[in-house]
Amino acid sequence: MSPDAAWAETDELRVAERSNPQIKSYVRPGKAAEKGVKAMLSRDDIGRHLTSEMFFSGDRLPGFCDTIEHPDGLVLVDTGMIDTTPAIEEDGEEWHPNPLPDELVSRVAVVVNTHLHFDHCGGNRLFPGIPIHVQRRELADARTKDDYTVREWVDFPGATYVEHDGEAEILPGVKLLPAPGHTAGHQVVVVETDEGPVVLGGDVGDSFEELERGDTPGRQLVLELAAPTYLAHVAEVRVPHRRS
Ligand SMILES: [Zn+2]
């Protein structure tokens, strides 16, 4: 994929809304703008939830998803895991799902998948009829590439994907930016808070060390943003710096 294509702004969201009227009840930028949402989001509106743990030869890899308490409804970034399947444990990895609490699940108005690896979309099945924002390229790869994910966790009854070709502001102050590298269709979420932007980075790097190499377009982008960044497999939040 050419970076230019990934960055091109499109009208995909509006097109998707027109062809999928259910989304309208969840995406109400106009209403939110009236309330001055940009100034209303704060760092405290961002929450982290441990949704999986993977054990492999003595190592533990935690998996987190993030929430944004937005005035227009709760945004969930990645859905973690709610169960497991023998297919993902063939190579000796042991996956422990940690489903999100029901109280939180019941309030989710909008879902974003940074990408569709199984440990990021395993809980998508909890959200039939809820818009799930993903890059078009990511969904296509998940549906067609072998050993990419658990396909039944991506496509399930009631799955309502909103596909983007590039950047999109899905709610006031909540932006999706393509950040290819980990997967070709990977995206990050940028949240505008009263303290400046915060990046929900998914797997743009498995670690800050990896991110700070800046060796993919996605990592370069996040380094340029120079904002507090959350990674899906790292507990701490940090402003990443390029290593020379
Ligand atoms: Zn991944």
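Me: Ala, Val, Leu, Ile, Met, Phe, Trp, Tyr, Cys and Pro count as nonpolar, Asp, Glu, Lys and Arg as charged, and the others, Gly among them, as polar. How do the residues lining the largest pocket divide on that basis?

Reply: This is a predicted model. In the lining of its largest pocket, 8 residues are nonpolar, 5 are polar and 7 are charged. The lining has 20 residues, and those nearest the pocket's centre are Ile-88, Glu-93, Phe-118, Asp-147 and Tyr-148. By the definition, Ile, Phe and Tyr are nonpolar, whereas Glu and Asp are charged.

Me: How much space lies in the largest pocket, and which element gives the most to its lining?

Reply: The space comes to about 480 Å³. Helix α6 gives the most to the lining, with 3 residues.

Me: Why is the pair of Trp-95 and Phe-118 called edge-to-face?

Reply: The structure holds 2 aromatic pairs, of which this is one. The ring centres of Trp-95 and Phe-118 are 5.0 Å apart and the planes stand at 80 degrees. A pair needs centres within 6.5 Å, and an angle over 60 degrees counts as edge-to-face, so the name applies. Trp-95 belongs to strand β4 (residues 94-97) and Phe-118 to helix α6 (residues 118-121), and the two are 23 residues apart, so the pair links distant parts of the chain.

Me: How do you know whether Trp-95 and Phe-118 are buried or exposed?

Reply: Buried means under 20% relative accessible area. Trp-95 has 7%, so Trp-95 is buried. Phe-118 has 15%, so Phe-118 also counts as buried.

Me: What makes Phe-118 and Trp-153 an aromatic pair, and of which kind?

Reply: Their centres are 6.2 Å apart, which is within the 6.5 Å limit. Trp-153, like Phe-118, is buried. Trp-95, Phe-118 and Trp-153 form one aromatic cluster.

Me: What makes β8 and β12 the edge strands of their sheet?

Reply: The open sheet has 5 strands in the order β8-β9-β10-β11-β12, with mixed pairing. Each of β8 (168-171) and β12 (229-230) pairs on one side only.

Me: How do you know that β11 and β12 pair?

Reply: Pairing takes at least two bridges. Strand β11 (residues 196-200) and β12 have 2 bridges, in the parallel sense, which meets the requirement. Leu-200 stands opposite Tyr-230 in β12.

Conventions
Residues are numbered from 1 along each chain as its sequence is written. This is a predicted model: local features need pLDDT of at least 70, side-chain atom pairs count only at pLDDT 80 or more; totals for chains, interfaces and linings use all residues. Side-chain values use heavy atoms; hydrogens and water are left out. Helices (H or I, at least four residues) and strands (E, at least two) are DSSP runs, numbered from the N terminus. Rings of Phe, Tyr and Trp (its six-membered ring) pair if their centres lie within 6.5 Å; planes under 30 degrees apart count as stacked, over 60 as edge-to-face and the rest as tilted. Buried means under 20% relative accessible area, exposed over 50%, partly exposed in between (1.4 Å probe, protein chains only). On a 1 Å grid over the protein atoms alone, a cavity is a set of points where a 1.4 Å probe fits but cannot get out, and a pocket is an open set with protein on both sides within 12 Å along at least five of seven lines; lining residues have an atom within 4 Å of a point. Grid points are joined across faces, edges and corners, and a volume is the space filled by probe spheres set on the points.
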